[in-house]
Amino acid sequence: QAIFKMGGEMYEALHDRLIPNKISLQLGALDSIPKQVMLRLAQDALEIAPCSIALVEGRFDELMRDLSTHKIDLLISNFLPKLGATKGFYHKTISRRPVGIYGSAKFKLLRKGFPGSIDGMPLVVPSYDSQLRYDLEHWLRVNDLRVDVVAETQDSSLKKLMASNDMAMIPAASHTVQQHVLEGKLHLIGLLDNVFEDIFLISAQRKISNPVAAELMKAFTLKD
């Protein structure tokens with residue numbers, strides 16, 4: 001099994017050399033990862049070396065399988081595998097940002113008396129594929145709050161679209177809604193105490209490493 005696995009890696013490495021001066025880099029990301037994060041990673045990859053980048057989005061379990069079989073080189077995730085399933089994988093935190101509740105101008109009055117003011121209010125929440133869902137539920141329990149969950153989705157663009165069209169508020173890390181805030185489409189209602197969104201870069205152990213992926217694991221971070 002190890003021989004076949006190494007043979008697959010050797011084929012991939014040789015295949016890269018068929019395109020002169022180009023390294024193939026396969027990047028996977030959860031649907032909930034903001035597109036600007038993927039953009040920054042791709043930009044840094046191109047600064048390291050000329051490469052051909054493939055971007056794939058999907059569910060955590062599917063992408064982890066692809067990572068373990070070397071169909072992708074790196075995974076961008078806001079979720080880590082369970083403790084017993086981490087063997088053969090490496091990860092680093094590339095971003096840690098505070099999480100707040102954001103809404104359209106319709107909800108601005110809820111700033112007064114936050115967090116109690118959002119009790120019973122409509123909210124679009126992430127699915128259980130995101131650590132933020134568990135952290136949000138814990139925060140609601142601690143503050144003895146109940147919200148009206150109108151939708152669950154991992155699609156960050158859809159969540160922002162729903163919120164900016166007055167459907168509901170959303171929990172979000174500050175940098176993921178920065179543009180919408182600058183444009184006046186979304187407003188910070190209040191920050192969640194001790195709730196942060198961590199974004200991780202995950203790689204798998206390999207006999208033959210992708211040089212660009214290895215350098216990204218070593219040096220990449222999301223700067224402000």
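**Crossing of helices α2 and α7 in the predicted model.** Helix α2 spans residues 35-48, and helix α7 spans residues 211-219. Their axes come within 10 Å. They cross at roughly 120 degrees. The crossing of α2 past α7 is right-handed.

**Residues at the contact of α2 with α7.** From α2 come Leu-41, Asp-44, Ala-45 and Ile-48. Facing them from α7 are Val-212, Glu-215 and Leu-216. Five of the contact residues are nonpolar and two are charged. None is polar.

**Arg-97 in strand β4.** The strand runs over residues 89-103. Is Arg-97 buried or exposed? Its relative accessibility is 12%. Buried means under 20%, so Arg-97 counts as buried.

**Phe-114 in the loop between β4 and β5.** Strand β5 covers residues 122-125. Which residues does Phe-114 touch, leaving aside neighbours within four places in sequence? The contacts are Ile-101, Trp-139, Ile-189, Gly-190, Leu-191 and Leu-192.

**Phe-114 and Ile-101.** This pair is one of the contacts of Phe-114. In sequence, Phe-114 and Ile-101 are 13 residues apart. In space, their C-alpha atoms are 9.8 Å apart.

Conventions
Residues are numbered from 1 along each chain as its sequence is written. This is a predicted model: local features need pLDDT of at least 70, side-chain atom pairs count only at pLDDT 80 or more; totals for chains, interfaces and linings use all residues. Side-chain values use heavy atoms; hydrogens and water are left out. Helices (H or I, at least four residues) and strands (E, at least two) are DSSP runs, numbered from the N terminus. Buried means under 20% relative accessible area, exposed over 50%, partly exposed in between (1.4 Å probe, protein chains only). Axes are lines fitted to C-alpha atoms, for helices over the stretch in contact, and angles run from 0 to 180 degrees between N-to-C directions. A crossing is left-handed if the near helix is turned anticlockwise from the far one by less than a right angle, and right-handed if clockwise. Contact means heavy atoms within 4.5 Å. Ala, Val, Leu, Ile, Met, Phe, Trp, Tyr, Cys and Pro count as nonpolar, Asp, Glu, Lys and Arg as charged, and the others, Gly among them, as polar.
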